[in-house]
Amino acid sequence: MKSTVKKFGIYSSTLLIILFSFSFLIEDYMNYTISEVFGYVSIILALSVIYFGIKSYRDTINNKTLKFSKGLKIGLLISVFTALTFGLINVVYTLFINPDFTTEYYNHSIETFRETLSDADFQAKLIELESQREIFGNPFFNFFLMALTVFIIGFIISVISSLILQRKSK
């Protein structure tokens with residue numbers, strides 16, 4: 001199991017790095033909405049490797065049988081690789097590649113809320129954003145939040161993949 005998790009964890013992380021490197025190259029041509037959609041699609045594509053990791057374990061190592069719990073465990077461990085990679089990518093991006101990202105995104109959010117909310121709702125949202133601004137600018141919090149986001153998506157993909165691939169022994 002360890003070799004499967006390591007192999008497919010590296011595949012998933014590598015795919016994520018490739019997709020996000022590509023997004024960094026074209027980020028000037030994307031607005032925040034498209035960038036966010038591209039980010040989630042990249043995460044889901046990278047985590048789709050979980051299915052293939054569980055299937056590989058079932059078919060080549062475990063005599064074509066798989067308990068749901070074993071598939072889930074493999075999927076979650078692969079998710080950890082990808083989640084840690086995404087957390088690191090995010091920290092590197094916000095600290096070194098685009099250190100102004102947090103401020104730029106904050107300003108974009110304010111403008112979006114100003115255009116879409118009533119004055120009273122906007123003022124309430126502004127107070128909320130101001131209270132959260134410092135914590136979201138913290139690289140450790142960003143790492144944790146981004147890694148957790150990817151892990152939750154990985155959990156969902158692991159459950160679905162394990163349900164699809166489970167096979168009882170004969």
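Rings of Phe, Tyr and Trp (its six-membered ring) form a pair if their centres lie within 6.5 Å; planes under 30 degrees apart are stacked, over 60 edge-to-face, and the rest tilted. This is a predicted model: local features need pLDDT of at least 70, side-chain atom pairs count only at pLDDT 80 or more, and totals for chains, interfaces and linings use all residues. Residues are numbered from 1 along each chain as its sequence is written, and side-chain values use heavy atoms, without hydrogens and water.

**View 1. A cluster of rings.** Ring pairs join F20, F24, Y32, F86, Y93, F101 and Y105 into a cluster. The count of aromatic pairs comes to 11.

**View 2. The stacked pair F24 and Y93.** The two ring centres of F24 and Y93 are 4.8 Å apart, with 10° between the planes. F24 belongs to helix α1 (residues 2–26) and Y93 to helix α4 (residues 68–97), so the pair ties together parts 69 residues apart in sequence. Helices here are DSSP runs (H or I, at least four residues), and strands are E runs of at least two, numbered from the N terminus. F24 is partly exposed, at 24% relative accessibility. Y93 is buried, at 9%. Buried means under 20% relative accessible area, exposed over 50%, and partly exposed in between (1.4 Å probe, protein chains only).

**View 3. A charge over a ring.** The charged end of R133 sits over the ring of Y106, 3.9 Å from its centre. The rule asks for NZ of Lys or CZ of Arg within 6 Å of the ring centre and within 35 degrees of the ring normal.

**View 4. The helices around these sites.** The chain has seven helices and zero strands. Of its 170 residues, 34% count as buried.
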